[in-house]
Amino acid sequence: MGPSGEVDDFFNHSCDPNAGLKITATKAVLVAIKDISPEQEITWDYSTTMDEDDWEMNGNCGSNNCRGKIKDLKYLPPEIQQKYLTLDLVPEYIVRKYFPHLRNLGPNSNVHQSN
Ligand SMILES: [Zn+2]
């Protein structure tokens, strides 16, 4: 994930993030999921928005539950998937594909995204 000019240039990955990326049809919004002090770095878990299959990257974020590798949400332990699903930090296209029983019935549920 090199510099892309997108929002991810400004934040770092963590396996124990203090924020998350909420992606809707029209925009990506960073939301805090823990208290963040002003001097603290903002982190989010890149895996929450990944559906790349064979691609992964090394990531030693230093958190206690660090997984070492950053890869697709579908490869994460179920309890971690559940955590992000509960926090509503999983983009609709991933929910639709891998967790169809949890289909988000919110205002964006009819929007079709192509990737
Ligand atoms: Zn980590």
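How many helices and strands are there in the protein chain? There are two helices and six strands, and along the sequence they follow the pattern β-β-β-β-β-β-α-α. Helices (H or I, at least four residues) and strands (E, at least two) are DSSP runs, numbered from the N terminus.

The structure is a predicted model, in which local features need pLDDT of at least 70, side-chain atom pairs count only at pLDDT 80 or more, and totals for chains, interfaces and linings use all residues. Residues are numbered from 1 along each chain as its sequence is written.

**Burial and the nonpolar core**

A residue is buried if 20 or more other C-beta atoms, placed from the backbone, lie within 10 Å of its own, exposed if 12 or fewer, and partly exposed in between. Of the 115 residues of the protein chain, 20% count as buried. The largest nonpolar core has 11 residues, among them Leu21, Trp44, Met50, Leu73 and Ile94. Such a core is a set of buried Ala, Val, Leu, Ile, Met, Phe, Trp, Tyr and Cys residues joined through C-beta atoms within 7 Å. In soluble globular proteins, nonpolar side chains tend to be buried together.

Two residues are in contact if their C-beta atoms, placed from the backbone, lie within 7 Å. Leaving aside neighbours within four places in sequence, Leu73 is in contact with Ser47, Thr48, Met50, Gln81, Val90 and Ile94. Among contacts in the protein chain between residues at least 6 apart in sequence, 51% join residues at least 24 apart.

**Strands 2 and 3**

Strand 2 (residues 19-23) and strand 3 run antiparallel and are joined by five bridges; strands pair if DSSP finds at least two bridges between them. A hairpin connects strand 2 to strand 3 through four residues. Lys22 has Val29 in strand 3 as its bridge partner. Strand 3 (residues 28-32) lies largely in the open because the number of buried residues among its five is zero.

Asp53 and Asp88 are residues other than glycine with a positive phi.

Asp53 is exposed because it has 10 other C-beta atoms within 10 Å, and Asp88 counts as exposed with 12 C-beta neighbours inside 10 Å.

Val95 is found in helix 2 (residues 92-98). With 18 C-beta neighbours inside 10 Å, Val95 counts as partly exposed. Val95 and Lys74 are 21 residues apart in sequence, and their C-alpha atoms are 10.0 Å apart in space.
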